[in-house]
Amino acid sequence: MTAAAQQPEVVVRPDAADLARTVAGALLDLVEHAQAAGEIPGICLTGGTIADAIHREVARQTVSRNVDWRQVELWWGDERYVPADSPDRNAAQARAALLDHVDLDPALVHEMPASDAGHTDVAAAADAFSADVRSHGRGGFDLVMLGVGPDGHVASLFPGYPQLDVDAIALPVTDSPKPPPERITFTFPALNRNRQVWFVASGDGKADAVARALGGADPHDIPAAGVTGVERTVWWLDDDSASAR
Ligand SMILES: O=C1O[C@H](COP(=O)(O)O)[C@@H](O)[C@H](O)[C@H]1O
């Protein structure tokens, strides 16, 4: 990793709606550029409040852009281990806001397993998902998007949890402090080998976690401090989430 890559960019917009519009535009720029270069961009989506607003904006803005959604590969950084039709799933939220409104190639959409997908338990499901990542042979994604919890969690990596110290691709969580308790999450090593990482956070409830992450907190306390992009790291904030910096 270069010194420049370790220095995150911070973009602050006045409010959540403006933030969502700005991030959606930047995401569509990234996809257009990758496709113009003949690539199929690999994007790892996130869940949460601002992510939902961003997905809706991407769907809205895409009609005026030159993007071929059949040539985009989608993954998720974490998932709630609940049935496939549960609205709690990050993938279900993304489908309602974005995926159902664009023409995707289903073979390029890699949801983490649902609890009714036939795996013995969440650990077996995390192993199966890790095998899916390995078999697709990507050295890293073009873009990983990460929401940030008020406690500084990213994906389903929570402060003080054992998953923070495991070298694996994806791991089960059985006692998440934020419901639902069972989840699957990418690990730090998996999140740290990707070209770009974009954190997205809005609202004053995120201000302390954002300030601590940008201030170089111990990732065991603020997991968001433990992820950077190989080429670029951007913190996309609104005035409220940026207010404690
Ligand atoms: O549980 C989760 O929370 C975070 C942040 O969600 P928010 O509603 O506070 O914005 C999210 O990024 C993560 O993917 C999700 O599983």
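I will start with the ground rules and then go through the parts in turn.

This is a predicted model, in which local features need pLDDT of at least 70, side-chain atom pairs count only at pLDDT 80 or more, and totals for chains, interfaces and linings use all residues. Residues are numbered from 1 along each chain as its sequence is written.

First, the annotation. The unreviewed UniProt entry carries "domain: Glucosamine/galactosamine-6-phosphate isomerase" over residues 14-235. UniProt positions are given in the numbering used here, feature names are shortened, and annotations may be inferred rather than shown by experiment. Over residues 14-235 the chain is 31% helix and 15% strand, with the end C-alpha atoms 14 Å apart. Helices (H or I, at least four residues) and strands (E, at least two) are DSSP runs, numbered from the N terminus.

Now strand β8, residues 196-201. Six of its six residues are buried, so β8 is largely enclosed by the rest of the structure. Buried means that 20 or more other C-beta atoms lie within 10 Å of the residue's own; exposed means 12 or fewer, partly exposed is in between, and the C-beta atoms are placed from the backbone. In a regular strand the side chains alternate between the two faces of the sheet. In β8, Q196, W198 and V200 point one way, while V197, F199 and A201 point the other way.

What does β8 pair with? Two strands pair if DSSP finds at least two bridges between them. Strand β5, residues 143-147, runs parallel to β8 and is joined to it by five bridges. Within that pairing, M145 stands opposite W198, and G147 has V200 as its bridge partner. Strand β9, residues 232-238, also runs parallel to β8, with six bridges. There W198 stands opposite V234. From β8 the chain passes through helix α7, residues 207-214, to β9, and this β-α-β crossover is right-handed. Right-handed means that, with the strands pointing away from the viewer, the path from the first strand over the helix to the second runs clockwise.

Back to β5. Five of its five residues are buried, so β5 too is largely enclosed by the rest of the structure. L143, M145 and G147 point one way from β5, and V144 and L146 the other. Strand β2, residues 42-45, pairs with β5 in the parallel sense over two bridges. The bridge partner of C44 in β5 is V144.

Next, the loop between β5 and β6 (170-173), which holds P162. Is P162 buried or exposed? P162 has 9 C-beta neighbours inside 10 Å, so it counts as exposed.

There is also an open sheet of three strands in the order β4-β7-β6, with antiparallel pairing. β4 (78-80) and β6 stand at the edges with a single partner strand each, so one side of each has no neighbour in the sheet. Three bridges join β4 to β7, residues 183-186.

Last, the ligand. Which residues are around the ligand? They are T46, G47, G48, T49, I50, D78, N90, G147, G149, A155, S156 and K178. The criterion is a C-beta atom, placed from the backbone, within 6 Å of the molecule. That shell divides into two nonpolar, eight polar and two charged residues. Here Ala, Val, Leu, Ile, Met, Phe, Trp, Tyr, Cys and Pro count as nonpolar, Asp, Glu, Lys and Arg as charged, and the others, Gly among them, as polar.
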